Amino acid sequence: MRDYIPISTLNDFIFCPYSIYLHNVYMESDETMYHAAPQTQGRVAHETVEI
């Protein structure tokens, strides 16, 4: 079996490598616990763009 690195993980690494750790530790928790304000704002901005 091959292990793949999700593209979202690469994006997190570019944005903030520490966020990869936070995503894995708080995976089942509320995103507001580990998302910084710019991440939340980016997600809201892209909701209107994504189909």
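**Helix packing and an aromatic pair in a predicted model**

User: Which residues of H2 do Thr9, Asp12, Phe13 and Phe15 in H1 meet?

Analyst: These four residues of H1 meet Pro17, Ser19, Ile20 and His23 in H2, where contact means heavy atoms within 4.5 Å. This is a predicted model, in which local features need pLDDT of at least 70 and side-chain atom pairs count only at pLDDT 80 or more, while totals for chains, interfaces and linings use all residues. Residues are numbered from 1 along each chain as its sequence is written, and side-chain values use heavy atoms, leaving out hydrogens and water.

User: What makes H1 oblique to H2?

Analyst: H1 and H2 pack at an angle of about 130°, and their axes are 5 Å apart. That angle makes H1 oblique to H2, because angles under 35 degrees count as roughly parallel, over 145 as roughly antiparallel, 65 to 115 as roughly perpendicular and the rest as oblique. The axes are lines fitted to C-alpha atoms, for helices over the stretch in contact, and angles run from 0 to 180 degrees between N-to-C directions.

User: Why does Asp12 count as buried?

Analyst: Asp12, in helix H1, has a relative accessibility of 10% and therefore counts as buried; the term means under 20% relative accessible area, with exposed over 50% and partly exposed in between (1.4 Å probe, protein chains only). Leaving aside residues up to four places away in sequence, Asp12 touches Pro17, Ser19, Ile20, His23 and Gln39.

User: What puts the buried residues of H2 on the same side of the helix?

Analyst: In helix H2 (residues 17-25), the buried residues are Ser19, Leu22 and His23. They share one side of H2 because their arc around the axis is only 100°, taken from the directions from the helix axis to the C-beta atoms. Their cover includes helix H1 (7-15) and helix H3 (37-47).

User: How many aromatic pairs does a search of the whole structure find, and what makes the pair of Tyr18 and Tyr21 stacked?

Analyst: The search finds one aromatic pair. Tyr18 and Tyr21 lie 5.7 Å centre to centre with 25° between the planes, and the pair is stacked: rings of Phe, Tyr and Trp (its six-membered ring) pair if their centres lie within 6.5 Å, planes under 30 degrees apart count as stacked, over 60 as edge-to-face and the rest as tilted. Both residues belong to helix H2, three residues apart, about one turn of the helix. Tyr21 is partly exposed, at 46% relative accessible area.

Definitions and conventions. Helices (H or I, at least four residues) and strands (E, at least two) are DSSP runs, numbered from the N terminus.
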